[in-house]
Amino acid sequence: MQERVDRYISQFKEGYFSPLSMMARMTEEVGELAREVNHHYGEKPKKSSEAERSLEEELGDVVFVLTSFANSLDIDLSEAFDRSMSKIESRDKNRWTRVTEGSNKDEHN
């Protein structure tokens, strides 16, 4: 993903935005995702004048901006994710109720 985003951005003289602009853009995209989640799962129905947007589309926008942000700071997302997962797997290994073999997942919902 990072290579594909970089090929796209590299076509333009402007290149990547500044970190502050990237943070603002990320916040905007996460806000749009939150709005869609609220329309689908919350108490706020969509106005008839609002365009239909999918959660998949909004998540894709977040991933694009996150990837652009990482590229602009020369951060390898795979490495960052691996470090985060290692931390989470260690820190939270006993935090949640584990699904046991042969149990029904629906029993926990």
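Visitor: Which helices do the buried residues of α3 pack against?
Guide: In this predicted model, the buried residues of α3 include Leu55, Glu58, Val62 and Phe69. The helix α4 spans 77–91. The buried residues of α3 pack against α1, α2 and α4.

Visitor: How many residues does α3 have, and what span is expected for it at 1.5 Å a residue?
Guide: The helix α3 has 18 residues. From its first C-alpha to its last, α3 reaches 26 Å, which is close to the expected span of 26 Å.

Visitor: Are α1 and α3 roughly parallel or roughly perpendicular to each other?
Guide: Two packed helices are described by the angle and the distance between their axes. Here the axes of α1 (residues 2–9) and α3 come within 9 Å and cross at roughly 80 degrees. Angles of 65 to 115 degrees count as roughly perpendicular. Therefore α1 and α3 are, to each other, roughly perpendicular.

Visitor: How do the residues of the contact of α1 with α3 divide into nonpolar, polar and charged?
Guide: From α1, the residues are Gln2, Val5, Asp6, Tyr8 and Ile9. They meet Phe64, Thr67, Ser68, Ala70 and Asn71 in α3. The residues of this contact divide into five nonpolar, four polar and one charged.

Visitor: Does Glu58 count as buried or exposed?
Guide: Glu58 lies in helix α3. Leaving out residues up to four places away in sequence, Glu58 touches Glu29, Glu32, Leu33, Glu36 and Arg53. Buried means under 20% relative accessible area. Because its relative accessibility is 1%, Glu58 counts as buried.

Visitor: Where is Lys87 found, and how far is its C-alpha atom from that of Ala34?
Guide: Lys87 is found in helix α4, and at 48% relative accessibility Lys87 counts as partly exposed. Lys87 and Ala34 are 53 residues apart along the chain. The separation of their C-alpha atoms is 26 Å.

Visitor: Which residue with a positive phi follows α3?
Guide: The phi of this residue is near 55 degrees. The residue that follows α3 is Asp74.

Terms used: Residues are numbered from 1 along each chain as its sequence is written. This is a predicted model: local features need pLDDT of at least 70, side-chain atom pairs count only at pLDDT 80 or more; totals for chains, interfaces and linings use all residues. Side-chain values use heavy atoms; hydrogens and water are left out. Axes are lines fitted to C-alpha atoms, for helices over the stretch in contact, and angles run from 0 to 180 degrees between N-to-C directions. Helices (H or I, at least four residues) and strands (E, at least two) are DSSP runs, numbered from the N terminus. Angles under 35 degrees count as roughly parallel, over 145 as roughly antiparallel, 65 to 115 as roughly perpendicular and the rest as oblique. Contact means heavy atoms within 4.5 Å. Ala, Val, Leu, Ile, Met, Phe, Trp, Tyr, Cys and Pro count as nonpolar, Asp, Glu, Lys and Arg as charged, and the others, Gly among them, as polar. The expected span of a helix is 1.5 Å times one less than its number of residues. Buried means under 20% relative accessible area, exposed over 50%, partly exposed in between (1.4 Å probe, protein chains only).
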